[in-house]
Structures are given as C-alpha cells and as structure tokens.
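Here are some notes to read alongside the model. Take them one point at a time, and keep the picture turning as you go.

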Amino acid sequence: MDELPLTEDQLLQKHKRERKELQAQIQILKKSICKGDKKKKKEVADEIARKEENLEKRQDEELARWKISQVTLNDKDTENLEETYNINDIESKESEKVQQRISKAQRRRYKKENAERERNQRIIEQEAFDVYGKRNVEMQSIQKILYERDLMLYEIPSDGHCLYNAIAHQLKMLGEIPFSLHDLRMKTAIYLRQNRNDFLPFISNPDSDQLLSPEQYEKYCNDIVETCTWGGAIELQVLSRILERQIEVIQATGTPYIVGDEFSKKKRIILTYHRYMYELGAHYNSVTKFVKEDES
C-alpha cells in the first residue's frame, strides 16, 4: 500500500527531528577530540560543516519539491481541457468518427491550446521553484535576520574579491581609515607568511586533502595577492587579527559565526554569508543600517 504524502507540517517536523539527530552526532564527534590535538579538531570541524551543509541542502530541496507539488492547475479546468482536446486518447468507434469530422483548422487550434496549457503549467512550476528554491529561501532568511537587527543587505560584486570588498565597505561604514581590497589582500598575505606555523596545519590541498608543503603554502600566500582567489575561514581569522576587530558572519540558518573574541571592545564588522546566491559558489555581502523606502 502506497504511503500518503506528507503534509507541510509533517515535513517540517521531520526536518526538525533530523536536525536534532545531527546535533547529537555532532556532540559525539566533538567529544572524540583529544585536548591539544589540532589536526583532529580541524578534521572534526570539517566533518561537522559537511554534515550540516548536506542536511541543509537536502531539506531545502525536499521543501522546494513539496511546494512545487502543491502548485497545479485547477483540477476541474484540467479535466475539462483533457475531455475537450485530448483527442488521441479517444478509443471508441463513435469518438473516432467524430474525430474524422474535425477539420484541420480545428485540430491545429486544439494542438495550439494544448501547447499553451502545457506552457502555462511550466511557468507556474518555475515560478514556484523561484519562490521556494534554495537561493530565494536563503535570501529571505538572511533579510529577516537583518531586518530584526535594523540592518539591510549591501550587495558586493561576485568577482572573487567579495570577502575583501565586503570588509573594506564595513571599515568605511565604521569610519575607519579606508583600505582597498589590494591593501587587505597584501596585509593578509604578509600576516600568513609571518605566522606560518599557526596556520599551515589548518590549510589542506583541495586536490589531495593533504596539508600544504612550505612551497605550496608560499604559493597560497602569493595567490592571495596576485589573483582573485576567494577568501574563507582562514582569511577571516587573519583579517580579524590585522584589524583588531570582531568579524560576525550572519548565515541563513544557525547562530552567526564570530571571529576574534579578544576584540570585543570595538564595534564589530558584520558580513553575510550566502551558499546559494551565485552558481559559482559561496559569497560574502556587507550590511548597512536599515533605511525605509520613503527615506532619502
């Protein structure tokens, strides 16, 4: 016997149970770390991040599919259209005779109307996917969090420099001495070279998952200055230390990620992190104070 489809509430409850189960798994993973074992700590942190991201992606897709499944043409209209125009499905002899009397012009009209109906259905489904797709759901969640804090999104171009440009914008908003993205990239590379022993154990080769050799680490630093290499968690830590400010990263789900606890006395830099905003990958934006539409 086929199972009845889940209601939206049942699906959300299922997702809630899955998140609780994941949190239990995370606690077990964290307890497996021996004190002082930095390598194990990084491996566990990477595994936790991977599990959280996989669960979030799957749940987003399940919810989007459920929403799309609810968006259909009116059943009565669909039945009427099928009865009127689905000529190929008529099997009785009497119906075949009726079909023979239908002119070519009528058939063309029926075919055109069927094609239009199918096109409209595809439009409805695409609109539903746009509304309930991962990108839009994530954006709405982030904007809601910002609104509750009297903030709004400030979009940064997606060109590989988003982290540095977002921080440069924040420094300008805070009234700090302005730094260009080149300044921030240069300072980041210098700091990484000067503190290689602190960071080398936490950077792995994306192709092999092995830790970088000293030569590869030097290339990593060179790429920060000379290319549009995307900045991530390591660069956030470095920039927090260079600027002596906390950096808060707001995400669609979970608590904000805060770097630089030791710099709590200064006003923090606030960024937003987007997993699905662009097809090329993750992206950072900046924020500004919320401004009502009727305000200049």
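1. Val249 has Leu271 in E4 as its bridge partner. Leu271 in turn is partnered by Ser286 in E5. Strands (E, at least two residues) and helices (H or I, at least four) are DSSP runs, numbered from the N terminus.

2. A word on what you are looking at. This is a predicted model, where local features need pLDDT of at least 70 and side-chain atom pairs count only at pLDDT 80 or more, while totals for chains, interfaces and linings use all residues. Residues are numbered from 1 along each chain as its sequence is written, and side-chain values use heavy atoms, leaving out hydrogens and water.

3. In which order do the strands of the open sheet lie? Its five strands follow the order E1-E5-E4-E2-E3, with mixed pairing. E1 and strand E3 (257-259) are the edge strands, each pairing on one side only. From one strand to the next, the twist averages 35°. Two strands count as paired if DSSP finds at least two bridges between them.

4. Now walk across the sheet. E1 and E5 run antiparallel and are joined by four bridges; here Met152 stands opposite Thr288 in E5. E4 and E5 are also antiparallel, over five bridges. E2 and E4, by contrast, run parallel, with four bridges. E2 and E3 pair in the antiparallel sense over three bridges.

5. Buried means under 20% relative accessible area, exposed over 50%, and partly exposed in between (1.4 Å probe, protein chains only). E4 is mostly covered too, with eight of its 10 residues buried.

6. Look next at the turn between E2 and E3. These strands form a hairpin with six residues between them, and Gly254 in the turn has a positive phi of about 80°. Most residues other than glycine have a negative phi. Which residues other than glycine have a positive phi here? Asp150 has one of about 60°, and Glu244 has one near 55°. Asp150 sits in the loop between helix H6 (134-148) and strand E1 (151-154). Glu244 is in the loop between helix H11 (233-243) and strand E2 (247-250), just after H11. Asp150 has a relative accessible area of 37%, so it is partly exposed. Glu244, at 43%, is partly exposed as well.

7. Is Asn285 buried or exposed? Asn285 counts as buried because its relative accessibility is 0%. A polar atom of its side chain lies 2.7 Å from the backbone nitrogen of Ile156, and a polar contact of 3.0 Å joins the side chains of Asn285 and His283. A polar contact is a pair of N or O atoms within 3.5 Å; within protein, one must be able to donate a hydrogen and the other to accept it, and residues adjacent in sequence count only if both atoms are side-chain atoms. Leaving aside neighbours within four places in sequence, Asn285 is in contact (heavy atoms within 4.5 Å) with residues including Leu153, Tyr154, Ala166, Leu271 and Met277.

8. Finally, a pair of helices. Helix H8 (residues 181-194) and helix H10 (residues 214-226) pack at an angle of about 165°, with axes 8 Å apart. Axes are lines fitted to C-alpha atoms, for helices over the stretch in contact, and angles run from 0 to 180 degrees between N-to-C directions. H8 and H10 are therefore roughly antiparallel to each other; angles over 145 degrees count as roughly antiparallel, under 35 as roughly parallel, 65 to 115 as roughly perpendicular and the rest as oblique. Among the residues that meet are His182, Met186 and Leu192 in H8, and Tyr217, Cys221 and Ile224 in H10.
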